[in-house]
Number of protein chains: 2
Amino acid sequence: MSEKPRSATTKDRLVAAAYELFEERGFEATTAEDIARRAGVGRTTFFRAFGSKDDVIFPEHDLLLGRIDERLAAATPATRALALSEATRVVLRHYLDEGELARARYRLVGSVPALRARETGGIQQYQRLFARWLREWLSDLPDGQLRAHLLAADLVAAHNYVLRRWLRDQTSDPESELDQAMRVALERYQPSGLEPSSAVVVLRTSATSAAIQAQLQPLLDNETP
Amino acid sequence: MSEKPRSATTKDRLVAAAYELFEERGFEATTAEDIARRAGVGRTTFFRAFGSKDDVIFPEHDLLLGRIDERLAAATPATRALALSEATRVVLRHYLDEGELARARYRLVGSVPALRARETGGIQQYQRLFARWLREWLSDLPDGQLRAHLLAADLVAAHNYVLRRWLRDQTSDPESELDQAMRVALERYQPSGLEPSSAVVVLRTSATSAAIQAQLQPLLDNETP
DNA sequence: CTCCTGGTTGGTACTCCGTACCTTATAGAC
DNA sequence: GTCTATAAGGTACGGAGTACCAACCAGGAG
């Protein structure tokens, strides 16, 4: 019935057919054979292309994992915080580029428990990837292993928070929101071991600033754990 | 209305049979009929008891979700931090009580991708439950919604970090480790809007402590955002 | 041209999961 | 005893995913 672009590859036609049918009659009510028939191929070809019915919906997952890994591998010690932030941005941008397709997937996944499980499995893979790098980067800190896992969880949660707001049409500037979310998430990232925040208390005294400095220094040098 | 021990033993026999067979010949190579036969019941009874082959492995999930919800619902504003910590402890204790069964499940889930997905789906439910309460508790904070999601992710990640260490036999005192992990995770929980950490700087001066206090007070009262 | 070869596709058959439906057995309630 | 409710087993079915085979379609080589 509906015509497909001649140049579209078999995989693309299958994806398009699948989304059409899922929206028309739901995920469970659509069989693999239905999808194959609408795409004009055999059932065998469908399973050869995707391996499972779920895979039609998350085809770019491995690609994104690879890009994140690349971005993190390219970081220098001085640019690690930035790399973490940019790595999440890679994923966000991917979905923004997908546009309506991403929103269709969001609606679909939200309404089918089986797909939810599949999606969270994918998210978990992101988190593990972040954790793998962070374990190394934070290995010198006290509780470094634990903090690596927490920060990985934060990064993924922060990204998903912003992404979901965009998917639900609750923001028109998701990139700026990601900036802010990353700022909050990265409060945990303190590779130099500094306090998360510092307060300066000023009292008037007759001492010279040099004298004050001399007295402050030993206090700052051996911090309480 | 009380649980019948008879039906409980049927379920228990099925669980025992399932774990035996999974260890013997693997998850995929074991059919539902195999499990039912070894437990001495019919295939129909198996599916009535568990609904799916995966459910044999995660039978207590809903129970734990309920207990977490209870614990969080019972919190007063002053005891919320404690309630969050205790809620994760409920889950940890459950696994500790299971003992070797929990370790068998860990080995099994680790080796079967399909079960991994199922498990992370369950974890996600914990996280969503925490987030639901925290959204409300942190609603007055700047970035409260975001912070609620991050803290929920932290709590779950911290709990899982300790649990996995125990499952891998890397700790003999998981409860103490959970204390420490919660201390780190809850750094994010600052419902009163206080700074995440405070530093006291002491300089000698001739002023009385009352005079110092008088000078400090205005500084403390209007904090910089 | 025919013959061969490798790769892609479609078709058929099979196992198994999960559900629906129907029958049977057991245990009280009366 | 009978009646009824509940748990159990049995059978049949649709659909996912796999295995295997047959058909087609390149492009050489002779």
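**Exercise 1. Determine which helix gives the most residues to the surface near DNA strand C, and describe that surface.**

Solution. The helix is α3(A), with three residues. Helices here are DSSP runs of H or I with at least four residues, numbered from the N terminus. The model is a predicted one, in which local features need pLDDT of at least 70 and side-chain atom pairs count only at pLDDT 80 or more, while totals for chains, interfaces and linings use all residues. Residues are numbered from 1 along each chain as its sequence is written, and chains are lettered from A and ligands numbered from 1 in the order in which they are written.

Next, a residue is near a strand if its C-beta atom, placed from the backbone, lies within 6 Å of it. Around DNA strand C there are 14 residues, of which Val41(A), Gly42(A), Thr45(A), Thr31(B) and Ser52(B) come nearest. Two or more residues come from each of α3 (43–50) of chain A and α2 (32–39) and α3 (43–50) of chain B.

**Exercise 2. State how the surface near DNA strand D divides by class.**

Solution. Around DNA strand D there are 15 residues, and Thr31(A), Ser52(A), Val41(B), Gly42(B) and Thr45(B) come nearest. By class, three are nonpolar, nine polar and three charged. Here Ala, Val, Leu, Ile, Met, Phe, Trp, Tyr, Cys and Pro count as nonpolar, Asp, Glu, Lys and Arg as charged, and the others, Gly among them, as polar. The largest share, three residues, comes from α3(B).

**Exercise 3. Identify the residues with the most contacts inside the largest nonpolar core.**

Solution. A nonpolar core is a set of buried Ala, Val, Leu, Ile, Met, Phe, Trp, Tyr and Cys residues joined through C-beta atoms within 7 Å. A residue is buried if 20 or more other C-beta atoms lie within 10 Å of its own, exposed if 12 or fewer, and partly exposed in between. The largest core has 61 residues, and the most contacts inside it belong to Leu134(A), Ala152(A), Ala158(A), Leu134(B), Ala152(B) and Ala158(B). A second, separate core of twelve residues includes Val15(A) and Ile57(A).

**Exercise 4. Check the span of α7(B) against expectation.**

Solution. The expected span is 1.5 Å times one less than the number of residues. For the 25 residues of α7(B) this gives 36 Å, and the end C-alpha atoms are 36 Å apart, so the two agree.

**Exercise 5. Classify Glu70(A) as buried or exposed.**

Solution. Glu70(A) lies in helix α4 (residues 61–73) of chain A. Glu70(A) is exposed because 11 other C-beta atoms lie within 10 Å.
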